[in-house]
Amino acid sequence: MKKLLHSPRMYADESLSGFLIRAVQDVYPLNYLYSDLELNKKLKTLRPVNYNLDARELSQNDLNCIATLLRINKNDMKKMMLLNLDSSDGYYQFFDAKAYISSISTLKAKVCPQCLRKEEYYRKIWHHINVSACPYHGCLLIDKCFNCGKSITWKSANILKCNCGFAHKLAESNIASSECVMLSTLVYQKVGLLTKRPIELNNFFIDAELSEFDDTFFLLASFIGELRFRSQFTRLKASINEIASIQTHVMNIFLNWPMGFHQFLNEIRTKSNEDNVERILSSFGNFYIQLKRDRKNSFLFLAKEFTNYLLINKSSFCASPNFSRIVNQFETLILTGQDALKYLGVTRRTLINLIKACEVDGMIVEYDGETWIHVTKNSADQYLEKKRTKYLTKQEAQDYLNVGYKCITDLLSKEVITFSNDVHKNLIKKEMLDQLLINLENSIVVKEDVNLVTFDKAIPSIFGVTDGDVVKFILSREIIPRGKSTRRGIKSLLFDRNEVSEFINNQVKKSIGELHSTADVARILKVKTTTIDFWVLLGILKCAERDKIYGKLFFPDEVLQFNESYITVTQLKDLSIRLKEKISASFLIKKGIVPVTGGKKNEERTYVFKRVEVLELINNLSII
């Protein structure tokens with residue numbers, strides 16, 4: 001078993017094959033060493049076709065042989081290799097990431113001269129075909145000998161030096177495009193060689209796993225330039241400049257996402273005048289076929305944006321029943337018919353109006369004798385959010401203002417607030433309610449040492465003044481709030497009880513003029529209001545009219561005439577009469593005066609006598 005007397009320093013990101021070549025180049029002939037491996041014993045030639053062992057499945061004997069030779073641990077050796085994760089899926093363990101086999105170049109090689117000048121060893125990251133530039137030096141990697149122009153491959157026994165004797169570290173390098181540097185930086189980040197730093201790309205490209213990003217990248221790359229398959233990127237004929245040109249183009253699509261992708265779709269589309277969904281999709285040729293056949297969801301991000309492209313350009317498409325099925329195959333992006341109505345919670349007519357008013361993005365198309373309605377889910381979500389933040393139903397407005405159903409109805413009927421006059425006919429603008437609350441709050445003029453009363457109790461309902469009236473009175477400055485409670489909405493306002501009472505009296509006078517209400521008459525005659533109602537029923541007191549709000553109304557002359565014609569016992573007590581006996585209803589009845597009404601036999605016990613008869617009796621008793 002061969003063993004080196006001294007093994008060179010091993011780097012964490014070094015390739016095993018590069019390390020082996022570097023370690024034995026001045027000690028053993030490399031082809032002689034490789035011929036001892038079981039891997040190459042079956043070959044008829046002594047010279048190996050490919051000196052790259054990184055992706056080979058080595059036997060335990062070969063692993064032991066190499067580990068002993070290089071005086072290194074087998075685990076450290078495996079870290080420098082590309083371990084096959086699953087031969088059926090075809091993935092390698094590539095640093096901390098998973099890379100598809102066809103993304104790794106195991107024959108064609110490329111190096112960074114400036115990195116080699118710093119430390120002359122082959123970096124394993126250079127195996128990846130998307131690393132065409134150095135993120136540290138901003139230069140393009142070289143894939144040909146600067147001296148003789150021969151391709152750098154693993155057929156050479158020394159990957160760091162050409163057969164012509166020229167060391168690749170001495171080569172001059174060209175400046176790479178910013179797009180190629182950005183692409184290489186992304187690969188370095190995804191395998192863990194660079195810490196993440198901000199790159200102005202869509203989050204998908206930054207956060208995607210290396211294998212998923214590669215799948216997405218090479219699908220687009222296959223439609224740009226002459227390299228139609230990923231494996232062609234590793235062929236000797238594919239120059240680093242040609243690959244860099246394609247990479248720059250694809251990265252520009254990513255940098256200008258999604259419009260760059262939409263432009264790409266416009267360019268690969270073979271026809272643009274199709275009016276059938278199936279024909280439109282077929283016009284994208286192999287691109288759509290690959291999206292549809294994707295079984296690993298590697299192209300899911302592209303597929304979703306592809307459907308967004310269809311939606312944006314749907315005005316030129318046919319809204320057939322298959323349209324929503326095709327668009328929704330990756331996620332729900334289109335709502336159709338009853339699904340759209342249920343999702344938005346509107347009627348068919350309202351939905352049509354919303355589409356015509358451009359409140360939601362949708363289509364109304366006559367197809368095969370039927371009317372098809374398609375609405376984009378994104379615009380439906382935006383509409384619902386707008387509706388939630390800018391519009392309220394009547395019930396929601398009631399809760400928002402903290403009032404009852406009668407109050408909100410009254411505010412609408414008196415046009416203090418109104419329904420929207422656009423497509424949201426049965427909704428109230430939240431902005432209008434906010435402005436109402438601001439105006440009410442601005443009307444508050446604080447007054448100290450007053451008897452405050454809440455909004456609910458400010459004006460009793462018996463006066464016929466509704467909540468809507470109160471709000472209008474406040475806005476017109478006829479009633480001034482004097483404070484604010486901890487309650488929310490309209491009910492937070494507080495009023496001075498005396499000011500409100502005075503205001504009510506003035507309003508009543510304005511409404512009924514010189515007429516007396518039942519309460520006024522009861523106060524004048526010093527009886528209860530129920531007594532007044534009873535006298536009206538008997539016909540001894542006449543009311544002028546019956547108002548819906550204020551009830552019975554009386555002419556002042558009628559009240560005066562009643563007062564002059566009749567008298568109650570209470571009124572007798574107010575007269576300054578000095579008699580030996582106390583004047584009462586029973587006393588008058590004993591003296592022969594018959595009451596007009598009153599007593600237990602009547603529903604109303606308040607006695608009423610004719611004033612003339614009572615005064616005449618009193619005069620006779622005074623003479624005696």
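Predicted model: local features only at pLDDT ≥ 70, side-chain atom pairs only at ≥ 80, totals over all residues.
Buried, in what follows, means under 20% relative accessible area. By that cut-off F287 is buried, because its relative accessible area is 0%.

The overall figures. The chain has 624 residues, and 46% of them are buried. There are 30 helices and 16 strands. Of the contacts with a separation of 6 or more, 61% join residues 24 or more positions apart. The accessible surface is about 33,400 Å², with 48% of that belonging to carbon and sulfur atoms.

Now the interior. In soluble globular proteins, nonpolar side chains tend to be buried together. Here the largest nonpolar core holds 58 residues, and the members that touch the most others are L70, F94, I125 and W126. Several elements each supply at least two residues to this core, among them helix 1 (16–24), helix 4 (60–70), strand 2 (91–94) and helix 7 (178–191). A separate core of 41 residues lies apart from it, including I199, I206, A221 and I268.

What does I125 touch, leaving out residues up to four places away in sequence? The list is F94, F95, V131, V187, Y188, V191 and L193.

Next, N130, which sits in the loop between helix 6 and helix 7. Is N130 buried or exposed? N130 is buried, because its relative accessible area is 0%. Beyond residues up to four places away in sequence, N130 touches L183, S184, V187, F213, D214, F217, F218 and Q247.

On to the aromatic pairs, of which the structure holds 28. I will show two. The ring centres of F205 and F301 are 5.5 Å apart and the planes stand at 80 degrees, so this pair is edge-to-face. F205 is in helix 8 (residues 203–207) and F301 in helix 14 (residues 300–312), so the pair links distant parts of the chain, 96 residues apart. F205 counts as buried, at 0% relative accessibility.

The second pair brings back F287. The rings of F264 and F287 have centres 5.6 Å apart and planes at 70 degrees, so they too are edge-to-face. Since F264 belongs to helix 11 (residues 259–268) and F287 to helix 13 (residues 286–293), the pair ties together parts 23 residues apart in sequence. F264 is buried as well, with a relative accessible area of 3%.

Helix 19 next, residues 394–401. Its buried residues include A397, Q398 and L401. Viewed down the helix axis, the buried residues of helix 19 fall within an arc of 105 degrees, so they line one face. Their cover includes strand 7 (391–392), helix 20 (405–413), strand 8 (428–429) and helix 21 (430–442). Just after helix 19, N402 has a positive phi of about 60 degrees.

Last, strand 11, residues 493–496. Both of its faces are covered: L493 and F495 are buried on one side, L494 and D496 on the other.

Key:
Residues numbered from 1 in each chain as written. Heavy atoms only, no water. Core = buried A, V, L, I, M, F, W, Y, C linked by side-chain atoms within 4.5 Å. Buried < 20%, exposed > 50% of the residue type's maximum accessible area, 1.4 Å probe, protein only. Helix = DSSP H or I, 4+ residues; strand = E, 2+ residues; numbered from the N terminus. Contact = heavy atoms within 4.5 Å. Areas by Shrake-Rupley, 256 points an atom, 1.4 Å probe, with all protein chains shown as cover. Arc of directions from axis to C-beta. Phe/Tyr/Trp six-rings, centres within 6.5 Å; stacked < 30°, edge-to-face > 60°.
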